[in-house]
Amino acid sequence: MQALPGFRDFLPNDCAARNYIFARWREVARRYGFIEWDAPVLEPTEIYQKKSGPEIVAQLFNFTDKGEREVAMRPELTPSLARVVAAHEREFKKPLKWFSIGQFFRYEKQQRGRLREHFQLNCDIIGETALAADIELVSLCIDIVRAFGFTEKDFVVRISDREFWTDFLRSRKVAAEQWDEILQTIDKFGREPREKTSEKLGQLADPVLRILSEGGKSEKLDRLVDGLRARGLADFVDIDVRIVRGLAYYTGIVFEVFDRAGQLRAIAGGGRYDNLIEQLSDSAVSLPALGFAMGDVVLGELIGETASAREAMQKAIAAEQKIDIYIVIAKEERRADALAQIQKLRDRGYRVDYLLTSRKVARQFQTAEDLGARVALLYGDEWPQVAVKDLATGEQKLTPNQELLAYVARSLSLSS
Ligand code: HAM
């Protein structure tokens, strides 16, 4: 029996890599003053049908539950966030700065960088229209990727503005009902044959294709880049009006993060969605909002392919997996004494391990080394003295069992 296509088993090394990613996500989000929240993994299908756009709806894992409700495994967090904020916004001072780490499900064709489940970090700011919020959000996104050891040579944030395109469509007198479809076509530019794009755009094909190849100018985007320049982050971004994002709810600045080599799919994406909360609110709560999500799959691939980032991760994982103290039981008669000490050491917060059944002393010392223990305590013939061995230097000293706690605390703090 295997896991379903597009679903992963997380063996210990995979879990360690996942935890490494989550720890950095959490740490940098906290550095920016964001607080953590979460939502259910199962939601009414309707919230995605209403707001996410056709691409995501086609990818839903959805079913009718035993109470005849139409439900879906969450493909993204933003509609849940809008629903929760609309219901609870009065309980919080604005702007809200919320982050969340969780698993998401999309029935996509499995390919490199795309699975049927993935984890995302979502960071959102609610209740702020000023461009300062967009600058803060993009800075956070950059700093999160930097926390994995990547530089401006490794990744780029491509930034655009949906208003650039909606202003263009308005100037061409295109009816608002058609905007979504045109934006979806622009989003797919480069992924679909050019003739198909031209056909879908009709009369707009020439001017749109011209902008897509020559680029566009926007005063708002220039100000955003200036804000990032003031923080020393301008080298991490490019203005690129080809980015419009596949999701339907964005209204303003949008961005996506890519590896510079252009080998992988997007690492992260987001933007402003100033109307979504109002649209999902029963009581006409209207709040501007913006956010992004970063996935673990593409980020994990980039880490795996970049020697420095991979080594940093392996080093952090090795340090995280080490234990402090290994107990070697040389005489079975001493097992009960050893276990009493193990309990005390664990109560103090040390990571302590030992073999559950009798084994040769050499094998026990080998296990101590394999587990990266700093100190081994040997319970044997010298009782009530215990031999304390520093596994880095090989130095060994006899200590009375009653004095062990203080002795071990001292030697571990000296060697750390
Ligand atoms: P999204 O661009 O659909 O945005 O997803 C964000 C990131 O999640 C992508 O850049 C990608 O790294 C990862 N991702 C998405 N689908 C998959 C998949 N099938 N397999 C692996 N990774 C995947 C959103 O979800 C928006 N809700 C983000 C947002 C938050 N906008 C405002 N706030």
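**Sheets, helices and domains of the predicted model**

Strand β6 (residues 117-126) and strand β11 (residues 289-295) run antiparallel and are joined by seven bridges, where two strands are said to pair if DSSP finds at least two bridges between them. Within this pairing, isoleucine 125 has leucine 290 of β11 as its bridge partner. The structure is a predicted model, in which local features need pLDDT of at least 70 and side-chain atom pairs count only at pLDDT 80 or more, while totals for chains, interfaces and linings use all residues. Residues are numbered from 1 along each chain as its sequence is written, and side-chain values use heavy atoms, with hydrogens and water left out. Helices (H or I, at least four residues) and strands (E, at least two) are DSSP runs, and they are numbered from the N terminus.

β6 and β11 belong to an open sheet of eight strands, ordered β1-β5-β6-β11-β10-β9-β7-β8, in which the pairing is mixed. At the edges of this sheet stand β1 (35-36) and β8 (237-239), each of which pairs on one side only. In general, the strands of a sheet pair through backbone hydrogen bonds, either parallel or antiparallel. Helix α12 (residues 296-305) lies across β6, β9 and β11, and runs at about 50 degrees to β11.

Helix α10 (residues 219-230) also packs with helix α5 (residues 131-146), at an angle of about 55 degrees and with the axes 9 Å apart. That angle makes α5 oblique to α10, because angles under 35 degrees count as roughly parallel, over 145 as roughly antiparallel, 65 to 115 as roughly perpendicular and the rest as oblique. The contact is formed by Leu131, Asp134, Ile135, Val138, Ser139 and Ile142 of α5 together with Lys220, Arg223, Leu224, Gly227 and Leu228 of α10. Sorted by class, the residues in the contact of α5 with α10 are six nonpolar, two polar and three charged, where Ala, Val, Leu, Ile, Met, Phe, Trp, Tyr, Cys and Pro count as nonpolar, Asp, Glu, Lys and Arg as charged, and the others, Gly among them, as polar.

Strand β4 (residues 70-73) pairs in the antiparallel sense with strand β2 (residues 42-44) over three bridges, and leucine 42 stands opposite methionine 73 in β4. Strand β3 (residues 62-64) likewise runs antiparallel to β4, joined to β4 by three bridges, with threonine 64 opposite glutamate 70. Five residues lie between β3 and β4 in the hairpin that these strands form, and glutamate 68 in the turn has a positive phi of about 65 degrees.

A further open sheet contains five strands in the order β13-β12-β14-β15-β16, again with mixed pairing, and its edge strands are β13 (352-353) and β16 (396-400). Strand β15 (residues 385-390) and β16 run antiparallel and are joined by five bridges, valine 388 standing opposite lysine 397 in β16. Helix α14 (residues 335-347) packs on this sheet, where β12 (325-329), β13 and β14 (375-379) are touched.

The domain assignment, which is automatic or taken from a database, gives domain 1 (12-316) and domain 2 (322-415). The centres of domain 1 and domain 2, taken over C-alpha atoms, are separated by 50 Å.

Conventions
Axes fitted to C-alpha atoms, helices over the stretch in contact; angles between N-to-C directions. Contact = heavy atoms within 4.5 Å.
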